[in-house]
Structure formats: structure tokens, C-alpha cells
Amino acid sequence: MAAALLLSGCASAGGEGAGPAPVAVASVPGGGADVAGASEAGDEDFRYVPPLPALAATVAAPRVEAFHLAGGQRVAVVERHEVPLVHVAVRVPWAGSSKAGVSTLAGELLLGAKAPGSTRTLGEELRALGAAQGFLAYEEDAFLGFSVTPEALEEALRAVWRGLGPRAALDAETFEEARKRRLTQIEQLGAEGMHDQMRRRIDESLFAPGHPYRVNAEKEVSALRTLKAADVLRQREAALRPEALSVAIVGDVATAAVRAMLAPLAAAPATSASPAGGAREGDGKGPAAGARKASRGEPGAQLARGLFLVEEPGREEVDVAVTLPLRDPDGAELPVTTELRGLIAQVVWVHVNQMLPKRVSQTFSWVRWRREQPLFEFGGRVQPDDAARFVVAVRLGLQMVETQLLTNAVLEALQDDVAARAAKLLGSSEALARTLTRLGDADVTLTRVFAEQDAIRTLPAEALRGMIQGQVRSEEMRVVVVGAADKARPALEALGITPVSARKRAADKAGAKAGDKGAKAGDKGAGGAGR
């Protein structure tokens with residue numbers, strides 16, 4: 001609703017060829033994608049979000065029983081006896097970037113490990129129990145989600161504990177299949193098309209030499225060619241520390257029953273980490289919270305600001321990315337801020353379509369959430385003469401949001417949009433379970449996830465302006481241009497964007513082919529959801 005009001009304000013400024021903004025897509029940590037090999041049906045079940053319920057005056061946070069097991073694992077339980085299934089989410093945050101390419105592959109292989117004495121992988125164990133499962137792997141964490149009947153929950157939890165244990169084995173054939181699949185995705189298909197390639201160019205440009213994000217972008221392909229199963233096993237041992245794991249269980253189950261199921265899996269009886277009285281949530285204390293806090297990088301990496309040019313000889317077009325560092329990393333998935341980003345992106349794309357009607361392909365906008373520095377990214381493939389116009393269009397869209405979001409009509413519509421998003425999150429037990437696995441990460445608390453949505457109805461204009469500026473500021477744009485960059489450079493410099501670096505590199509194999517494939521699949525659009 002808020003977007004419609006804002007967009008109506010800029011419609012008169014556009015040309016006749018202005019088209020609609022790209023369809024909004026959920027943003028994810030690291031820009032990761034679903035792992036190949038997970039069952040289609042299971043993945044759909046895990047990520048399913050029901051239709052929006054009718055708007056309510058308030059969004060009530062659920063009662064969460066949170067506790068730590070003796071081994072340090074954090075467990076959160078929400079009893080929903082009206083739901084016929086139990087939804088489980090397990091989050092594995094990586095200890096940090098080690099050898100380039102290892103974290104993502106290790107995440108993909110979590111379901112492929114076999115517990116001691118078992119002839120089946122963890123994924124096979126869950127399928128045998130009828131668990132509808134889904135899996136997402138990123139460079140800094142991985143999520144395993146599954147839905148089971150209450151009767152199968154205890155056995156499913158036992159399988160997960162054994163399959164994620166330090167003694168679980170990874171056979172050579174499973175490892176080699178995953179390694180080759182990942183290498184093929186990157187080298188031949190571009191994994192996610194032009195956007196995946198641009199993510200690498202952005203990290204190579206913005207981050208200093210030796211920074212883990214840059215090293216991973218530069219060396220993942222070469223590392224995958226020589227990667228050994230032992231490398232992945234070492235990453236597993238470092239990442240699968242019990243105190244680092246977060247588990248959330250939502251559905252037809254009692255908290256006391258969950259405690260009884262998990263107690264034998266820990267070294268000693270579980271101990272409560274919940275505050276006394278009221279809705280129970282993580283108190284930021286205990287082994288799990290400490291481990292996650294320690295795994296975070298220093299906030300706010302120092303990113304050079306300006307123009308980064310990457311010339312790829314032989315190319316006629318350019319891929320342009322405008323990237324902005326987010327100022328509130330820990331609020332990246334809150335319904336308030338995700339709704340704001342979706343609104344920002346829609347306005348930006350209207351300006352792009354108005355200034356460059358039918359002259360931009362492969363458009364994307366995405367939030368790459370990462371512990372140290374999340375980035376809000378807009379990009380597209382254009383002719384060199386249009387690169388500067390693309391940057392201007394993005395800048396105008398950002399500036400319009402900054403100056404016009406504070407009208408009463410837009411504020412009221414935004415409040416309803418935020419309430420709807422929070423209600424949507426609450427309406428999906430799967431989505432709620434995954435959100436709960438992040439509790440304890442710095443400022444991510446139930447109060448921020450839910451109660452803040454109700455408070456937005458009474459926020460003064462200046463407070464809302466501060467939230468917007470916590471997402472993006474147009475003056476902090478960084479611009480990365482890849483392809484026929486030398487042809488695009490003069491017009492970009494004329495905008496007052498200072499060149500920071502200029503380099504040459506060979507174009508990615510089948511880069512243009514990957515881009516064309518992405519175009520046929522449909523352009524990717526604005527980062528509406530959290531992570």
C-alpha cells in the first residue's frame with residue numbers, strides 16, 4: 001500500500017515506456033540459493049508461507065520457552081497444538097571463513113553425513129521418517145528445516161543429533177559429487193546467472209586484499225578444484241560446536257516433552273536460560289549466545305567509496321551494480337526494515353524503467369546479509385552509454401524515498417504493510433521456527449522481531465526517518481562496473497563518482513550465456529524479506 005502511494009508520486013516523471021518493478025524476492029544471507037539435491041516437495045513444505053491473514057490491530061508475540069542444553073545448544077519451543085505437525089529448524093553458524101569455498105560446500109554436505117554405525121545419510125534418515133525437509137546453505141550459516149508428525153519427532157531429533165555429531169562420516173563419493181556439482185554451477189552455469197558473478201566482482205572490489213569475503217570471491221573456484229573431503233571435515237569440526245547450534249521447534253508438542261527428548265542427547269540435564277516471568281526469550285547469556293557473539297566479525301567494514309571498474313576484453317555490454325552498506329546489520333530481518341527495503345526497491349525500479357525503458361536486462365536487487373557488513377545491491381546489464389543513466393535512476397529513487405516517505409498517507413499505509421508482514425511471519429510455523437534460531441544474535445530478540453511492529457504505529461516522523469537511514473543513504477553508493485567498463489567510464493566520472501580502482505580480467509566462462517539463461521527465467525527483483 002505504501003509503495004502504491006509513493007509510486008503514484010513518481011509516475012508523472014517517467015516516460016511512456018515505464019514498466020513495472022521486478023517481482024520482489026526474499027533476500028538471504030550471502031545471497032545463497034537452495035542446495036541442489038534437496039527434495040522439491042520437502043523444500044516447498046519448509047519454505048511455504050500461507051496467504052496473508054486479515055490485518056489485526058496488534059501483532060502479539062508468541063510465548064517462547066527457551067533453554068540451553070548442558071552441551072550449550074540453544075532450544076526454543078512454541079506450543080501450537082492446533083497445528084497437526086511439528087516444524088523444526090536447526091541453524092549452523094560457521095565459525096568463520098577458512099579455506100575459500102569450504103563453508104558453502106560443508107553446508108551442502110550436512111545432510112550427506114552418516115552417523116556412526118548407520119548405513120543411511122542424515123537426509124535419508126529423515127526421509128525414512130516421512131519428514132518433509134528443506135535445506136539452505138550460505139557462506140556464513142546453514143539452515144536445516146523439516147516437518148514431522150508429533151509421534152516421529154523424538155526419532156527425528158535423535159537422527160539430527162547423530163548426523164550433526166563430530167563422529168559422523170562423509171564418504172568420498174558423496175563429497176566428490178557435491179564438489180563437482182558446485183564447481184559446475186560456478187564455472188559453466190554462473191550458479192545464479194549474472195547476479196552471482198556480480199556478487200564476486202563486488203566483493204573483489206569493495207573489500208581490502210586478504211579480507212575473507214574478497215578471498216572467497218577470488219579463490220573459490222581454484223579452491224574447489226583441489227578441495228579434499230578432509231578440508232570439509234575440518235570445517236565441520238570447527239562449525240558444529242554444540243554451543244553454536246540453535247534449534248527451534250514449533251507445533252503440536254509440549255515443552256516438557258521436548259526437554260525429555262533432548263536430555264539424553266546432551267551430556268547432562270538441560271539448564272534453563274530463560275528470564276523469570278512473562279514471554280520467555282533468549283537472555284543473551286549462556287554458551288550459545290557467547291559463541292555466536294564471538295563468531296561475528298568487527299561491525300562495519302571500512303569500504304572504499306566510489307567507482308570500481310573491471311574491464312573484460314571482448315564484451316560489448318556492461319553489468320552495473322550499485323551497492324550500499326546497511327547500517328543496522330542486526331535488524332536486517334525485522335518486518336519493519338524488510339518492508340522498508342521492499343518499498344525502497346520498488347521505487348528505485350520505477351525510476352530505472354522510466355529513464356531506461358526496455359534497455360536494462362538481468363535486473364536484480366538483493367540484500368546480502370553477512371555478520372560483518374550486509375549490502376543492499378541493485379544491478380542490471382546495459383550498454384556502456386546507459387551505465388551512468390542507470391546509476392542516476394537508482395540515486396533518484398533512493399533520494400525520493402528519503403524525502404517523501406514521511407507524508408501522513410504513506411506512513412499510515414506503511415504501518416499496515418508492516419503489520420501484514422509480521423502477521424504473515426507469525427502465520428507460518430516454518431518461518432517462525434527459522435526466525436527463532438536467530439534469537440541471541442546481538443540485538444535479535446522477540447521484542448525486536450514482533451513488538452517493534454506494533455510500536456511503528458506511534459513512531460514520530462523523525463524516528464521513522466532514522467530507521468530509513470539505517471537501511472540506506474544515497475550518498476554512500478558504491479558503483480561496480482564489469483564488462484566494457486572503459487567505454488562507460490567517462491560518463492560515470494562526469495557524475496562526480498571518483499574512480500577507486502580499474503583492472504582487467506578475463507570474462508567468466510559462458511558468462512553471457514549464463515546471463516541469457518537468467519533473463520529467460522525472469523528478472524530478480526527487490527529484497528522484500530529479511531534474510
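User: Before we start, what counts as a salt bridge here?

Analyst: A salt bridge is a side-chain nitrogen of Lys or Arg lying within 4 Å of a carboxyl oxygen of Asp or Glu, and please keep in mind that this model is predicted.

User: OK, which residues are linked in a network of salt bridges?

Analyst: The network of salt bridges links Glu-312, Arg-315, Glu-317, Asp-319, Arg-381 and Arg-505. Within that group, Asp-319 and Arg-315 form a salt bridge whose closest N and O atoms are 3.1 Å apart.

User: And are Asp-319 and Arg-315 buried or exposed?

Analyst: Asp-319 and Arg-315 are both buried.

User: Switching topic, how many salt bridges are there in the whole structure?

Analyst: A search of the whole structure finds 22 salt bridges, and one of them joins the side chains of Glu-220 and Arg-200, with 3.0 Å from N to O.

User: What does the Glu-220 and Arg-200 pair tie together?

Analyst: Glu-220 belongs to helix H8 (residues 212–226) and Arg-200 to helix H7 (residues 194–206), so this pair ties together parts that are 20 residues apart in sequence. Both Glu-220 and Arg-200 are buried.

User: Now Arg-359, which residue does its side chain meet in a salt bridge?

Analyst: The side chain of Arg-359 meets that of Asp-386, at 2.7 Å from N to O. Arg-359 sits in the loop between helix H12 (335–355) and strand S11 (361–369), while Asp-386 sits in the loop between strand S12 (375–382) and helix H13 (387–404), so the pair ties together parts that are 27 residues apart in sequence.

User: Why does Asp-386 count as buried?

Analyst: Asp-386 counts as buried because its relative accessibility is 7%, and buried means under 20%. Arg-359, with a relative accessible area of 38%, is partly exposed.

Terms used. Residues numbered from 1 in each chain as written. Predicted model: local features only at pLDDT ≥ 70, side-chain atom pairs only at ≥ 80, totals over all residues. Heavy atoms only, no water. Helix = DSSP H or I, 4+ residues; strand = E, 2+ residues; numbered from the N terminus. Buried < 20%, exposed > 50% of the residue type's maximum accessible area, 1.4 Å probe, protein only.
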